[in-house]
Amino acid sequence: MLGRDGEIRLLPDEFGDVDGNFWELDRQDEIRHLSDRGLLADLAVTRRRLGSPIARPGKIVCIGLNYRDHVFETGGVIPDEPVIFLKASNCVVGPNDRILIPRGSKKTDWEVELGVVIGRRARYLESPDESDSVIAGYCLSNDVSERAFQLEHGSQWDKGKSCESFNPLGPWLLTSDEIPDPQQLALRLSVNGELRQNGTTRDMIFNVHHIVWYVSQFMVLEPGDLINTGTPAGVSLGHDDVPFLSVGDVVVSSIDRLGTQRNIVGQG
């Protein structure tokens, strides 16, 4: 875990994975207590692989077309309601793992996004005001997408969203009390050192609390589930002069306070 002083602490083995069960049992309060008392050992991460800050989520719910500038760059229409699709939960990888271009892919694209992790069961929330009580925290997410699979092989977006390694997540998860206003975060992504995306969550069409409330009307959200809340403009789709990803490219993404990812592109 990341301490309040910016140092990384090692959780005792007894806590197990940070997964749905972890949030359901409110174990974050135990960890805060141990951390405040200085009872968590320091962890040196040099040359260590960082995994996803949450173990495999039960489901990954994604919101499409949620930034006006992204809607316009892809030739879409501002939606009246949130656009929902799903990603396979086994496409989550660590923040610095390789992004693998799928076999037969020619249009692998990037999407830096704010990820929302659910901490309590959410079923038919009465209003967006209730959403904050079910959010465990926030993290940096990349909704990697294969556009030909997504748009040229039938009408189901999931085929272009669920490929192996298509959701780098982390490095950190900050609990909701550490991010009092999720609509005030800057998002950035570069490819080979060239800035491609530079947006802010202020520009979401549907804000975080509205999204969580809305999704709960159509499916039950469980502790440990992940919601990707959409991406700002700057993807390759819709720009003939912006190439899709190739083997060897380096993708660097970041969100204020939520850390930075660095992913080298490989071949699946």
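Residues are numbered from 1 along each chain as its sequence is written. Because the model is predicted, local features need pLDDT of at least 70 and side-chain atom pairs count only at pLDDT 80 or more, while totals for chains, interfaces and linings use all residues; side-chain values use heavy atoms, with hydrogens and water left out.

The open sheet has 7 strands in the order 4-3-14-8-9-11-5, with mixed pairing. Strands (E, at least two residues) and helices (H or I, at least four) are DSSP runs numbered from the N terminus, and two strands pair if DSSP finds at least two bridges between them. Strand 4 (83-87) and strand 5 (92-93) stand at the edges with a single partner strand each, so one side of each has no neighbour in the sheet. Strand 3 (residues 60-64) runs antiparallel to strand 4 and is joined to it by 5 bridges; here Cys 62 stands opposite Phe 85. Helix 5 (residues 208-216) packs on the sheet, touching strands 3, 4, 8 (112-118), 9 and 14 (226-228), where contact means heavy atoms within 4.5 Å.

A pocket is an open set of points on a 1 Å grid over the protein atoms alone where a 1.4 Å probe fits, with protein on both sides within 12 Å along at least five of seven lines; lining residues have an atom within 4 Å of a point. Of the 15 lining residues, the closest to the centre are Gln 28, Arg 120, Ile 135, Ala 136 and Ser 176. Helix 2 (27-36) and strand 9 (135-142) each supply at least two lining residues.

Methods:
Axes are lines fitted to C-alpha atoms, for helices over the stretch in contact, and angles run from 0 to 180 degrees between N-to-C directions.
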